[in-house]
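Hi everyone, thanks for coming along.

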Amino acid sequence: MSITIEKDMDETRQGEAIQMEGEGHKGKKLYLESYGCAMNFSDSEVVASILIQQGFTTTQDSDEADVVLINTCSIRDNAEQRVRNRLTQFNKAKRNNPGMVIGVLGCMAERLKKQLLEEEQLVDLVAGPDAYRELPNLIQEVEGGQKAVNVLLSRDETYADINPVRLDKNGVSGFVSITRGCDNMCSFCVVPFTRGRERSRDPQTIVQECAALFNAGYREVTLLGQNVDSYRWNMTSKGKIKDETKPTTNFAQLMEMVAAVHPKLRIRFSTSHPKDMTDDVLHAMAKHKNICNYIHLPVQSGNTEMLKRMNRGYSREWYMNRVAAINRIIPDCGISTDIIAGFCGETEEEHQDTISLMREVEYDSAYMYKYSERPKTLAQRKFEDDVPEEVKQRRLEEIIELQMQHSEKINKAQIGKVEEVLVEKVSRRSDEQVMGRTDRNHKVIFDQEDAAIGDYVHVKITDCTRASLLGEIVK
Ligand code: 5AD
Ligand code: SF4
């Protein structure tokens, strides 16, 4: 399995050329670039949809764009620095194209509000995650010579009625957001400040979107939320008033609804929260073959005291109980995680507890980070960022080294198995090879033969590298 040290910024995606008739901004060109988590990529598809409705076409060449929008991430400081560098580049390009509107969207827009516009003078427009419906007006304001800002957070915006324009290239696997915001307040995390209160989206609109994706040829959907396990829709409330006495749809039930769209539509989801993940979710996964056996279950630390400081809402024992439940209810389920090295006050013993937990679980893969203090968070207000940089680095390296061993071990254990693989795209290595994923989310590279992108094929795993499995189609 692949090991990703920095999940953010490792990939950017630009819109394919897409046009639809619309009003207001007819003929204008939009260049849209996204950083950070899957939710941001999904939001960019909502943004593209809103602007294409207004007459925009998307372009992959920022130099020819009338409007450049960059959807940003604030999760760690280095994520923000990379966006600043990118904005500086766009500002240089703007010298040859003075009419160009440069806008910042997403978490940095929300966190920094007017700062990028007024103090740093890097952008003309700032729109937070709940303000995308306003983008056509904001762009118009800028074109009229003003600076435009909307960073209002909403309690009910879910963009449920907007049919996102798919910006991915393969047409096989798509994101569908099911909740927005986060109420958890993990002490290290800026997300509750940048994305606001948690709200769930109407399940009917989720099912409709998944069915539309299937009909358009997609064969996999990933249901997205900061904490999918807290998905909760009160069926009588129209999304506004939560009436605890009325029946609700929870995440397990939502998954069953989506699984029923079509047996050939694979369901994935991210992110699970150890404190909220119920056995019902696991039973739904076990019951439906098309819900993939793979769970991303961030642990952050293997030490209970540390987890308290992180305000994660579970202990090491609770987490291990959830892992045991996964292994009991869904044998052969892949588990991945997120780990933070060097959070405030982390002792060597606490770090060793993370190492020992990793040995107990043996994750398929992990996203591993050094702690980066974020303004306004609980940790920034309450604790000192006191683990020296070189200690953070050394602990992170130990974590990465161990994870590489585990990934390799799990990859090797797949050799000899025959797996159902969904073919996603042509392999980067060779035009004659394709990449697909197993149910358990392992990447497999194999000769294409007569398989088409979007097909399910049976592949015998013959070998592996550190990053992926290698195999051949069996008929
Ligand atoms: N520093 C380092 N990593 C962080 N994450 C969230 N906030 C921080 C931070 N301040 C990590 C967590 C989370 C993932 C998305 O990013 O591991 O699960
Ligand atoms: Fe951040 Fe915790 Fe919410 Fe995840 S669950 S987005 S880590 S506050």
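Let me begin with a loop: Thr 271 sits between S13 and helix H9, which covers 279–287. Before I go on, please keep in mind that this is a predicted model. Now, what is the peptide bond from Ser 270 to Thr 271, cis or trans? The bond is cis, and its omega is near 10°.

Glu 362 is placed in the loop that runs between helix H12 (348–361) and S16. As background, most residues other than glycine have a negative phi, and most peptide bonds are trans.

Back to S13, and the sheet it belongs to. Three strands make up this open sheet, in the order S7-S10-S13, with parallel pairing. S7 (173–177) and S13 (266–270) are the edge strands, each pairing on one side only. From one strand to the next, the twist averages 25°. Between S10, residues 220–224, and S13 there are five bridges in the parallel sense. If you want one pair to click on, Thr 222 has Arg 268 in S13 as its bridge partner. Helix H7, residues 203–215, packs on the sheet and touches S7 and S10. The direction of H7 makes about 170° with that of S7.

Now for the ligands, starting with ligand 1. Which strands each supply at least two residues of its shell? They are S15 (334–341) and S16 (365–370). The shell divides into five nonpolar, two polar and four charged residues. Among the residues around ligand 1 are Ile 75, Gln 300, Tyr 369 and Arg 374.

A polar atom in the side chain of Arg 76 is 3.0 Å from a nitrogen of ligand 1. A polar backbone atom of Phe 188 also lies 3.0 Å from a nitrogen atom of the ligand. On the oxygen side, an N or O atom in the Asp 338 side chain is 2.6 Å from an oxygen atom of ligand 1. Taken alone, ligand 1 exposes 400 Å², and the protein buries 90% of that.

Finally, ligand 2. Its shell has seven nonpolar, three polar and one charged residues. The residues around it include Cys 182, Cys 186, Cys 189, Met 185 and His 273. Phe 188 is listed around ligand 1, and Phe 188 is also among the residues around ligand 2.

Conventions: Residues numbered from 1 in each chain as written. Chains lettered and ligands numbered in written order. Predicted model: local features only at pLDDT ≥ 70, side-chain atom pairs only at ≥ 80, totals over all residues. Heavy atoms only, no water. Near = heavy atom within 4 Å. Polar contact = N/O pair within 3.5 Å; in protein donor to acceptor, adjacent residues only side chain to side chain. Areas by Shrake-Rupley, 256 points an atom, 1.4 Å probe, with all protein chains shown as cover. Helix = DSSP H or I, 4+ residues; strand = E, 2+ residues; numbered from the N terminus. Nonpolar A, V, L, I, M, F, W, Y, C, P; charged D, E, K, R; others polar. Pairing = 2+ DSSP bridges. Axes fitted to C-alpha atoms, helices over the stretch in contact; angles between N-to-C directions. Contact = heavy atoms within 4.5 Å.
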